[in-house]
Amino acid sequence: MFRTAVMVGLLISAAPSFGWEPLSDRVQLNRGYCLLVGETSADRVVDLANSTDLTIVVQCFDMVDVRRIQNQLDQQRTPVGRVYVSLVEDGHLCLADNLASVVVVSPGPSVARRELHRVLRPRGRLIEADQVTIKPVPNGTGEWTHPYQDDANNPLAKDAIAQAPYLTKFLAVPYYGPMPAITVSAGGRLFKAFGHLAFKEREWPMLGKLVAIDAYSGVTLWQREMEPGFMIHRNTIVATADTLYLADHVSCKLIDTTTGEIKDEIVVPKGLSDGPVWKWMTIRDGVLYALVGEEETLHTVHRGDRTERGWPWTTVKSTYGQHQKSWGFGRTLLALDLESREVIWSKRETHAIDSRAVCMSGQRIIIFSHGKYLAAVDSKTGNDIWRTDDSTVLDAVGEHDPADNPRLGYSTSAYMKASEKAVFFAGPQRNKLAVISAANGDLLWTYDDGNMQLIIRNDGLYAMGRMQTSKKFDPMTGEILADLQCFRGNCTRATGTVDSIFTRGYRHTGTMRFDVESKTPQRIPSMRPACQDGVIAANGQLYWGPWMCDCNHSLVGVISLAPAGEFDFDVTVTDDANLRTDRLGTRIQKLKIDDRDWPTYRADNQRSSSAAVEIPQEVDVAWHYRAHKDVRTTPATAVGDLVFIAGTDGMIRALEAKTGKVRWSFATDGQVFYPPTFADGRLLTGSADGWIYALEAATGESLWRFRAAPVERRIPVYGHLSSTWPVASGVLVEDGVAYAAAGIACHDGTYVYALNAETGRITWQNTESDNLVGGDEVTGISVQGHLLLDRGRLFMAGGNVVSPAIYNAKTGDCLNKLDDKVSESLDTHWQMQRSSRGSELFLQGETVLTGGRMLYSEKRDGIPSRYQGNYVMLASGHGLLIRGNGKTIERVVAGETDSVKRIVWKRNWFTSLDAMVIAKNSIVVAGQMEDTAQDRKVVPAILALDPIDGSVQWAHRLPERVVSWGLAVNRSGHVLVSMANGDVACLEGK
């Protein structure tokens, strides 16, 4: 499966000779991605990192330079997630296409100019000696300048580049935002405006914010406050490359797109209108057209603290309902010259115009006053071209449906669209689809379902249905050209691109992509479109999010997909291409291991969180390892006199068990999700850089490394640079075989491996489980958590289509099955393809359960939801089965069906549980508790409980919360605690 990359020329400008001045003087940029090719000075890199907010990628031509710079960066405590260092291999740079804002090439070896151009984003700068080259915007790149793409309200992208198949381009924050929310894009930037309703505390920071985002990297460039309480879900924002026009109840602000500063304001001239409020606007050829009018009731900014599951539609209805009569209604149309600020014409109507039903068709401004008239106004003169109050037309448009429910959507949505030939009424508030002639206002046809999301295309009118199947109509006659045999999901609006129509997936199944050419619905399961935006296409990319509700899938936040270009989705990985060896065949130091050690995540390959040691009856802090700032450390593993940790800084470290001092450290080039696994003197770790590393456990020296990613392609992932295929499963080793998986979402591809743990050579690989239904639907397994091995089966947290994923550990065959045939009931078909979103696996008897947080989510407690993994926590060992559900911890009898007899004891001391360990004489539990001595303030703590009756043996307060499953014990019975600030503490007996 290939696509041809779009190649463009570069614009070259003269520049003075740079010499060896500080890199910041050369780069002249504060935010974004900067690639330094051939740079070998760690000091210069550190200076650039400390003097800017750039994410810096260094690519060297010698591994000696790579290791030296990595070590120096670690010693100087460079800001975490801000600097990455890797090797240029085979002339290939590691970044995805169109990502870097600046590329600086040092003297000496380099790569082909074509390769330098590939990674540079449009409008980005390539700096070579005394020459600066600016990459132009490729032909076919489109923008999304209005909330509905253009002023015709037809959300069909003009971008010709963003075509299937896709690869993830970036995952960015914010994860969640308040509602309403609208997005526009121009000049390579996204502009997101967030409204006044936050239902949960996680959304508060974005209330009333206007945010500018680099459209190619997801980096937040700036943000500013908007007028609080103004309903932004309307057409009062227009983006251009250098100015963002944002109007509200006071003025139209002209905002500098580079800085976020207000350059100027336009106020409605006094006496022109019955009020100063901007209801609708657009810009064409230097003229600002607007609907303005009476004062509106501003909404009180809502900071909700909701903790219940679901979405509060009743709150939306109540808050929208009481204001609906004033929001967006005006009587005055005007045209204003942007350069001279003179009013070209104005027009005052007797009856209020509904801004949800204002759009432009050619040189006509179409306006609608409910129950009164529909008219076309000449945009040059302000005179009527035609006007109708014909009851046939008005009755066809019909009465308002109150909307504001999941089946229909939001009452503030625009419900009128236009082409050169017709005006279309449909949407959340309409009971019928009505089509009117744009030439004279005559009724053309109607259809008895107004709950359609419309896309006007050259080949027909696509009407995406919720309660009946979607249709393709002849736009002028109403003839049904095709029944599309698919439903859209709930409230999210439909949008279109050159080859696709996007809606929310039916029955909470992610995103539906309707392929226009093949006329088939396909599923992108890892994320759903944001409620009021849908999927937006601009800058050669697609954009999702952020979210307002808890209809979570595997991924949330601001998400972008880009064309896959020449990527081969059917690639077979080989040892020759992907394996690098350093010390094969040499003897390695052996560390003795016994059943008291904790060699892997959650103790063993069944993830029992149990150890054959006794815990002291009183404890104190033996040592406290302090991590670099902003590092999030993994849980620990421990063998003999060493403790092993890794973290978001990409470093693998061995600590001395007695003192906590670092014995050795080793740098990967990406964050590490799960702790190192010890096996036969080796330490095996997977990194987000896409590589699996095998080190000598005693010394940290590299033995071999294997690139689990099919190619080098790094992208931004929630503030970290990551391979498109990070080894996010960790590494599990059994009988000399190392198992690991690389990937994020199934639409990118999922790569599962069994490697010889000694040599790194491939035993088997599975590159097909990302698609379990055949064809191009890419519906299958994603890498969304760790591995578990039981009775010859390898399990993996697999995302929201299938989880757990199951593989034959000997052959690699995927044992999960999905029906690839759509049943008569589309509802039933899609419901079959849904699973828990959690990242944790638990073995209970012969069953493997999925639970816990999503792997790619905020590191905080979420809202209970049927879309997330259950908050189940299980630990088993020494004849005990201990279960937690987020707050409660209890001892249960395995296999007992009687609900009374099943529970031996239950304790409700925690506000949330984070980790637990079963030892011979104790159950150690970490979580958050209310401190009764401090006004019930919630504090992190560890308790040791008696296995017999659950009574407290000892308690220890912590300075920071424990990371998920961040407890381990070593063979001496010391409790190892990994905390959210990156620190690790060791508790030993007094």
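Guide: Tyr175, Phe673, Tyr718 and Tyr856 make up one aromatic cluster, where rings of Phe, Tyr and Trp (its six-membered ring) pair if their centres lie within 6.5 Å; planes under 30 degrees apart count as stacked, over 60 as edge-to-face and the rest as tilted. Bear in mind that this is a predicted model: local features need pLDDT of at least 70, side-chain atom pairs count only at pLDDT 80 or more, and totals for chains, interfaces and linings use all residues. Residues are numbered from 1 along each chain as its sequence is written, and side-chain values use heavy atoms, with hydrogens and water left out.

Visitor: How many aromatic pairs does a search of the whole structure find?
Guide: The search gives 27. One of them is Tyr166 with Phe502, a tilted pair at 6.5 Å centre to centre and 50° between the planes.

Visitor: Which strands are those two in?
Guide: Tyr166 is in β8 (residues 166-172) and Phe502 in β35 (residues 500-504), so the pair ties together parts 336 residues apart in sequence. Strands here are DSSP runs (E, at least two residues) and helices likewise (H or I, at least four), numbered from the N terminus.

Visitor: Are Tyr166 and Phe502 buried or exposed?
Guide: Both are buried, meaning under 20% relative accessible area, with exposed over 50% and partly exposed in between (1.4 Å probe, protein chains only).

Visitor: Switching topic: where does Ser560 sit?
Guide: Ser560 lies in strand β40 (residues 558-563). Ser560 counts as buried because its relative accessible area is 0%.

Visitor: And what does its side chain make a polar contact with?
Guide: The side chain of Gln541, at 2.7 Å. The Ser560 side chain also reaches the backbone oxygen of Leu542 at 3.0 Å. A polar contact is a pair of N or O atoms within 3.5 Å; within protein, one must be able to donate a hydrogen and the other to accept it, and residues adjacent in sequence count only if both atoms are side-chain atoms.
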